[in-house]
Amino acid sequence: MELLSTNISFNGEHRRYRHSSSVLGCDMEFAVYLPPQAVAADSGKMPGKVPVLYWLSGLTCNDQNFMQKAGAHRRAAELGMAIVCPDTSPRGTDLPGEHDSYDFGSGAGFYINATQEPWAKHYRMYDYVVSELPALVEQALPVSDQRVISGHSMGGHGALVCALKNPGRYRSVSAFAPICNPTACPWGEKAFSGYLGANREEWAEWDATLLIPDAPERLKLLIDQGTADEFLPEQLNPEALADACERVHHPIRLRMHRGYDHSYFFIASFIDDHLDHHAEALGLL
């Protein structure tokens with residue numbers, strides 16, 4: 001890993017790294033927040049490793065949006081929780097049409113494994129965030145294999161899918177304004193058609209609402225959604241997820257927040273609740 005930058009934050013350390021990804025076939029950048037406990041361990045001043053929250057960002061974002069806008073460092077420092085933020089798609093591959101729209105290609109990997117050309121070689125963000133990146137950071141940094149996962153919008157979809165498809169890998173899961181039923185919304189239909197092809201049966205394994213009925217693990221879902229979110233009526237569909245959970249008694253806490261939109265102002269307003277939700281699952285509270 002090549003260290004790109006470092007900043008002290010709430011007596012912890014925010015770092016940005018670059019590494020070569022064999023899964024994605026390109027160089028990738030990601031960010032890590034190490035709380036004070038991890039910084040001390042990294043410098044050899046104390047033993048031990050800290051648990052880690054994997055945060056998956058939304059369309060057009062990269063590793064920097066959450067770290068700079070969410071206001072998560074203060075509470076993470078208090079809890080002793082690291083945060084890892086990957087990018088949202090492969091970079092530098094310059095595939096045909098990759099940069100033509102904001103909701104497909106660059107910045108829009110959707111945390112799935114593409115099967116269609118030319119995307120299949122590089123657009124394997126699911127394998128990257130579930131396997132390759134955690135293995136890298138757990139080997140190189142003072143973080144443990146006690147993992148939790150969260151995200152926003154496209155990243156909320158990714159967090160739900162990663163947790164539902166990998167029982168036992170994450171202690172808890174949450175999401176802000178997730179794309180809950182991507183097989184039935186314009187964003188998801190566009191992305192899945194391009195990455196996965198026309199067979200909708202193959203789309204189902206990447207849709208949280210459709211995964212809920214047969215989920216082998218019943219982690220409680222914490223979902224926050226703003227009522228003034230411009231994407232709520234057409235793209236997000238939290239009611240479909242809630243209905244699916246109700247039918248099979250999957251625990252879910254869906255909180256609707258009057259007047260809040262899709263922005264990081266919304267995330268910053270409730271991020272401490274999500275960190276505490278994960279801290280409880282990790283035994284930090």
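The model is predicted: local features need pLDDT of at least 70, side-chain atom pairs count only at pLDDT 80 or more, and totals for chains, interfaces and linings use all residues. Residues are numbered from 1 along each chain as its sequence is written, and side-chain values use heavy atoms, with hydrogens and water left out.

**The whole chain**

Helices (H or I, at least four residues) and strands (E, at least two) are DSSP runs, numbered from the N terminus. The C-alpha atoms fill a box of roughly 55 × 40 × 35 Å along the principal axes. For 285 residues, a compact globule would have a radius of gyration near 19 Å, and the chain agrees with this at 18 Å. That radius is taken over C-alpha atoms, and the globule rule is 2.2 Å times the number of residues to the power 0.38.

Of the 285 residues, 58% are buried. Buried means under 20% relative accessible area, exposed over 50%, and partly exposed in between (1.4 Å probe, protein chains only). Among contacts with a separation of 6 or more, 71% join residues 24 or more positions apart; contact means heavy atoms within 4.5 Å.

Select Phe10 and Asn11. Phe10 lies in the loop between strand S1 (2-9) and strand S2 (12-21), and Asn11 lies in the loop between S1 and S2. Most residues other than glycine have a negative phi, and most peptide bonds are trans. Phi of Phe10 is positive, near 50 degrees, and phi of Asn11 is positive too, near 65 degrees. Phe10 counts as partly exposed because its relative accessibility is 49%. Asn11, at 67%, counts as exposed.

Next, select Leu34 in strand S3 (residues 26-34). Is Leu34 buried or exposed? Leu34 has a relative accessible area of 0%, so it is buried. Leaving out residues up to four places away in sequence, Leu34 touches Gly12, Glu13, Arg15, Val39, Ala82 and Val143. The C-alpha atoms of Leu34 and Gly12 are separated by 5.5 Å, although the two are 22 residues apart along the chain.

**Salt bridges**

Show the side chains of Glu13 and Arg15. They meet in a salt bridge, 3.2 Å from N to O. A salt bridge is a side-chain nitrogen of Lys or Arg within 4 Å of a carboxyl oxygen of Asp or Glu. Side chains of opposite charge can pair when their charged atoms come close. Glu13 is buried at 13% relative accessibility, and Arg15 is buried at 9%.

How many salt bridges does a search of the whole structure find? The search finds 17. Select Asp276 and Arg75 for another one, with the closest N and O atoms 2.8 Å apart. Asp276 lies in helix H11 (residues 264-282) and Arg75 in helix H3 (residues 73-79), so the pair ties together parts that are 201 residues apart in sequence.

Then select Glu138 and Arg147, whose side chains form a salt bridge of 2.7 Å, N to O. Both residues are buried. For a network of salt bridges, select Glu2, Arg16, Arg18, Glu29 and Asp63 together.

Move to Glu117 and Pro118. The peptide bond from Glu117 to Pro118 is cis, with omega near 5 degrees. Pro118 sits in the loop between strand S5 (82-85) and H4.

Ser131 is in helix H4 (residues 125-140). With 40% relative accessibility, Ser131 counts as partly exposed. Beyond its neighbours within four places in sequence, Ser131 is in contact with Tyr126 and Arg169.

Select helix H10 (residues 238-248). Which residues of H10 are buried? They are Pro238, Ala240, Leu241, Ala242, Ala244 and Cys245. Their cover includes helix H5 (154-165), helix H8 (208-211), strand S8 (221-226), helix H9 (232-236) and strand S9 (252-257). After H10 comes His249, with a positive phi near 60 degrees.

The last stop is His277, in helix H11. His277 counts as buried, at 17% relative accessibility. Not counting residues up to four places away in sequence, His277 touches Ser172, Val173, Ser174, Lys220 and Leu222.
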